[in-house]
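Visitor: I have the model open. Please walk me through it, briskly.

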Amino acid sequence: MHTDYEYRASSKQGASLFGAAVVIFLSLFGLAYGAPWWIWIIWLPASVSVLFLLLTNRKYGMGIKNDVLLIGVEPVRARIPLSDIERLEIQEWSDSTDIKLVLKDGRSIKLLPQDTPPRRALVAQFEQRGILAAVK
């Protein structure tokens with residue numbers, strides 16, 4: 001029996017806070033220099049989006065509990081028994097990484113980057129449970 005594993009990430013990470021700082025800077029700059037009305041209309045969707053991210057504080061992550069892979073945290077979006085997983089495939093690109101689960105029935109499930117822990121920890125958790133992790 002393996003110990004449970006949990007990885008959590010919050011949307012209040014660098015990108016959201018940086019986005020909020022940019023919105024505040026642009027708003028102050030626009031007020032100081034009298035930006036025209038159409039600039040405010042352009043900035044409005046970005047401002048609302050950043051505000052939504054900061055207020056909702058969405059949680060991302062994954063976990064392994066009782067030999068079941070839980071994708072997502074609050075709410076859990078998928079529960080996959082580890083016995084149904086054939087392998088984990090990690091495809092490295094120059095600027096991103098694609099991670100997917102290949103199930104024994106042939107289906108594949110692409111994992112969101114926000115949900116996945118650092119690659120080494122993810123590979124270690126799967127290999128510890130006897131699931132092949134293929135890095136391409």
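Guide: Start with Leu 54, which lies in helix α2 (residues 37–56). Helices (H or I, at least four residues) and strands (E, at least two) are DSSP runs, numbered from the N terminus. This is a predicted model: local features need pLDDT of at least 70, side-chain atom pairs pLDDT 80 or more, while totals for chains, interfaces and linings use all residues. Residues are numbered from 1 along each chain as its sequence is written, and side-chain values use heavy atoms, without hydrogens and water.

Visitor: What is the relative accessible area of Leu 54?
Guide: Buried means under 20%, exposed over 50%, partly exposed in between (1.4 Å probe, protein chains only). Leu 54 counts as partly exposed because its relative accessible area is 21%.

Visitor: Is Ile 24 buried or exposed?
Guide: Ile 24 lies in helix α1. Its relative accessible area is 52%, so Ile 24 is exposed.

Visitor: How far apart are the C-alpha atoms of Leu 54 and Lys 100?
Guide: Along the chain, Leu 54 and Lys 100 are 46 residues apart. Their C-alpha atoms are separated by 28 Å.

Visitor: In which order do the four strands form the open sheet?
Guide: Two strands pair if DSSP finds at least two bridges between them. The pairing here is antiparallel, and the order is β1-β2-β3-β4. The edge strands, each pairing on one side only, are β1 (5–10) and β4 (78–81).
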